[in-house]
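This report looks at salt bridges in one structure. Please keep the sequence and the model at hand while reading.

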Amino acid sequence: MNDLPSPLARTAVIIVAAGSGTRLAAGAPKAFVPLGVRTILEHALDGVFAAAPSQVILVVPAGREADVSAMTGDRPVRVVPGGDTRQRSVAAGLAVLADGVDVVLVHDAARALTPPAQFGAVASAVRPGVGVIPALPVVDTLKRVHGDEVVAPVDRAELAAAQTPQGFPRAELVAAYARAADEGVEYTDDAALFAVAGGAVRHVLGSEEAFKITTPHDLERARMILSASASASASASASAPRQARHSVAGPAIPRIGIGTDVHAFASAGMLRLAGLDWPGEPALEGHSDGDAVAHAIVDALLGAAGLGDIGQHFGTAHPEYAGAHGDVFLARTAEILAEAGFAIGNVSVQFQGNRPRFSARRAEAERALSAALGGAPVAVSATTTDGLGFPGRGEGIAVTAVALVHPIAQS
Ligand code: CTP
Ligand code: MG
């Protein structure tokens, strides 16, 4: 510990995460979309907290305030509901700035992999009357177009691509926002709004990693970056003690995991088990489709890789998975493992229950589960319990799964 002031002393970061993620189209607001083993928002929060500002304000979709508490954990975050435009969401954040804050950084949660140093670089360049944005030089050759006609070349030396966090002196930014609200004008970003109110804006060098996750392709790019850094830490951990949260013990050693699940039969609905529909058999109760075989496999795989459990990744804090099929969980689990640098060796799973009569559909179930896991071999067996216990009384099904995973070899 030392007493050096943080570059972000007297600085608040407003993380805007209230957008709907229309272009990403991932079935949930963008901030809640998984990126590796955590959500886009959790990655954004990690970056912001690593920069150690004196206040963190998180603007989330109205009505979703409680859903982020599992992501913020015990970190000090003021959570407020956003508006129907980004500008209104920023304004909602500005309304709860703490006393003593002199500099405000406005940051898109969608720029989830922004390096923590970028916050300090922006904040330390803010001056009275001067806002600061991180920006990258434009590398493409640019044209002015009209319809399908190329009208003129554009000199890219005059252009820069703006990122966040964008930093401003507090009082001037608050005044600029009040003015924009009075005018009823929507600006493209905070810097444009600040400039119209008379502020100067300068730029510092941004970073490639601070790109905004907008489309499915951007999400894939972010996943690749994470998975490359997970693989790098997996290979580093071969010769060093475990340190990183998701690092592995050693690249050559396979790892085993166990998962169990129990569900009661429901009074209505059709059974979904082992990745198959079972017409005429009663459904199992559950937050999702009740596929206890799939759920036990998910726990076995996550446990083998040391990546938590089904509740953490797919539980009630992730409403986008409510009602989801077990196959969706399996596919996502395989992705989570791959991102953390693991391949699946094999899975063996057994359920105890009087019904359904399983043997005739064993091969079909194994194919379905294996396909959901991207081809890893899955063996499924079933047994009765000689009339003993709740499976024997026909009240429900109990499942045990084991899985072997191995760190992906580094070249
Ligand atoms: N944002 C916000 N409130 C809004 C709209 C956007 O807080 N009403 C936030 C988003 O959550 C995101 C950032 O502003 O972190 C940048 O916006 P964008 O990338 O456009 O995200 P979305 O609006 O969610 O996506 P889309 O435009 O595709 O719907
Ligand atoms: Mg938007």
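A salt bridge here is a side-chain nitrogen of Lys or Arg within 4 Å of a carboxyl oxygen of Asp or Glu. The model is predicted. Searching the whole structure gives 20 salt bridges.

**A network**

Arg86, Asp108, Arg111 and Asp190 are joined by salt bridges into a network. One of its links pairs Arg111 with Asp108, with 3.3 Å between the closest N and O atoms. Both Arg111 and Asp108 are buried.

**A link between helices**

Arg223 forms a salt bridge with Glu339. The closest N and O atoms lie 3.5 Å apart. Arg223 belongs to helix H7 (residues 216–236) and Glu339 to helix H10 (residues 326–339), so this pair ties together parts that are 116 residues apart in sequence. Arg223 is buried, at 13% relative accessible area. Glu339 is buried too, at 9%.

**A partly exposed pair**

Glu364 and Arg361 also meet through their side chains in a salt bridge, at 3.0 Å from N to O. Glu364 is partly exposed, with a relative accessible area of 32%. Arg361 is partly exposed as well, and its value is 22%.

The table lists the pairs described above.

| Salt bridge | N to O distance |
|---|---|
| Arg111 and Asp108 | 3.3 Å |
| Arg223 and Glu339 | 3.5 Å |
| Glu364 and Arg361 | 3.0 Å |

Technical notes:
Residues are numbered from 1 along each chain as its sequence is written. Chains are lettered from A and ligands numbered from 1 in the order in which they are written. This is a predicted model: local features need pLDDT of at least 70, side-chain atom pairs count only at pLDDT 80 or more; totals for chains, interfaces and linings use all residues. Side-chain values use heavy atoms; hydrogens and water are left out. Buried means under 20% relative accessible area, exposed over 50%, partly exposed in between (1.4 Å probe, protein chains only). Helices (H or I, at least four residues) and strands (E, at least two) are DSSP runs, numbered from the N terminus.
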